[in-house]
Amino acid sequence: MKPSLCLVIDEMHPNLPELLQPLGVELHYRPDLKAAEVPAALAAHPYDGLIVRSKVRVTAGLLAQAPQLRYVCRAGAGVDNIDEEALAAAGVTLLNAPEGNRDAVGEYAVGLLLALFRNIVRADREVRAGEWKREANRGEEVGGKTIGLLGYGHMGKAFAKRLQAFDCTVLAYDHDPACEANHHATLVSLAELQARAEVLSIHVPYSPANHHFVNEEFLAGFGNALWLLNTARGEVLDHAALVQRLQTGQLRGAALDVLENEKLATLSPEQQARFEYLRAAPNVVLSPHVGGWSFQSYERINQVLARKLREFLVG
């Protein structure tokens with residue numbers, strides 16, 4: 001394998017050097033770099049590799065600082081901070097690791113569903129406040145429900161696998177005609193998903209093409225009042241439609257691991273108003289984008305990237 005000089009600009013599990021050294025990859029580990037310092041750092045050495053999480057957007061402008069770059073590794077699943085067209089134009093290969101955190105996301109989605117159905121978060125707060133409200137916290141069972149998955153890639157499949165223990169019906173829609181079915185869910189049309197689902201769980205990556213894909217018109221197409229889960233990307237979901245439907249009862253509840261703007265100090269007035277509603281709503285569960293954030297996935301992501309990088313370098 002040809003030796004490779006690779007810049008790492010985000011914190012990574014410490015097993016990275018031991019995984020990449022046998023591949024002939026020399027790492028410059030610089031998680032201390034600020035986003036504005038990354039272009040100059042790339043230009044300072046003849047890097048042919050770059051490993052990122054989410055510190056920067058990888059654009060044509062950034063790639064211009066490293067004309068010898070051959071690959072970019074995204075340590076995670078989502079590649080919405082990567083301009084894939086720019087990479088293709090520059091002849092740079094993109095490697096990511098959805099296999100590394102899919103199990104963490106699948107488990108977490110189950111946790112969100114149970115928290116939502118059984119009022120776990122609200123009940124915890126009440127008991128801590130000295131309130132003992134049993135009847136008010138009577139909940140729903142997952143068994144017998146029809147769970148609809150929007151997207152049936154790594155994350156959707158991981159969630160569906162874990163739902164098998166609950167004796168529920170799992171339907172999935174994926175716009176990719178090459179999407180492979182398995183026995184954990186039944187692939188259906190979008191119309192059938194909307195007609196039958198009682199829970200909608202979002203598992204599609206973000207791209208400009210699906211910005212606000214789940215909007216008022218989309219949600220109005222469902223035959224049932226929904227519970228909604230989002231462990232994908234906040235920008236896929238129109239939060240104005242989300243809040244409006246929660247306010248009118250057309251949505252029964254929501255569990256959100258991602259938001260439309262996760263930099264809470266930079267919310268616009270409209271975003272702030274929506275966030276204030278969501279955090280006060282008793283039928284909403286919120287968490288800080290940690291669905292794929294487990295100790296095991298942190299290590300496994302590096303293992304997946306190392307395997308894919310080995311295949312790339314062997315070529």
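Which domains does the domain assignment of the chain give? The assignment, automatic or from a database, gives domain 1 (4-100 + 295-314) and domain 2 (141-282). This is a predicted model, in which local features need pLDDT of at least 70, side-chain atom pairs count only at pLDDT 80 or more, and totals for chains, interfaces and linings use all residues. Residues are numbered from 1 along each chain as its sequence is written, and side-chain values use heavy atoms, with hydrogens and water left out.

**The two domains**

The centres of domain 1 and domain 2, taken over C-alpha atoms, are 30 Å apart. Six residues from domain 1 and four residues from domain 2 make the contact (heavy atoms within 4.5 Å). The buried area, meaning accessible area (1.4 Å probe) lost on putting two parts together and summed over both, is about 420 Å², with 57% from carbon and sulfur atoms. On the side of domain 1, Asp-80, Pro-98 and Glu-99 lose the most area to domain 2, together 76% of what that side buries.

The rule finds one salt bridge across this interface (a side-chain nitrogen of Lys or Arg within 4 Å of a carboxyl oxygen of Asp or Glu). Asp-80 forms a salt bridge with Arg-233, with 3.0 Å between the closest N and O atoms.

**Helices H5 and H12**

Helices are DSSP runs (H or I, at least four residues), numbered from the N terminus. The axes of H5 and H12, lines fitted to C-alpha atoms over the stretch in contact, come within 7 Å and cross at roughly 155°. H5 is therefore roughly antiparallel to H12 (angles over 145 degrees, on a scale from 0 to 180 between N-to-C directions).

| Helix | Residues | Contact residues |
|---|---|---|
| H5 | 98-117 | Pro-98, Glu-99, Gly-100, Asn-101, Asp-103, Ala-104 |
| H12 | 295-314 | Ser-297, Arg-300, Ile-301, Val-304, Arg-307, Lys-308 |

Technical notes
Helix = DSSP H or I, 4+ residues; strand = E, 2+ residues; numbered from the N terminus. Parallel < 35°, antiparallel > 145°, perpendicular 65-115°, else oblique.
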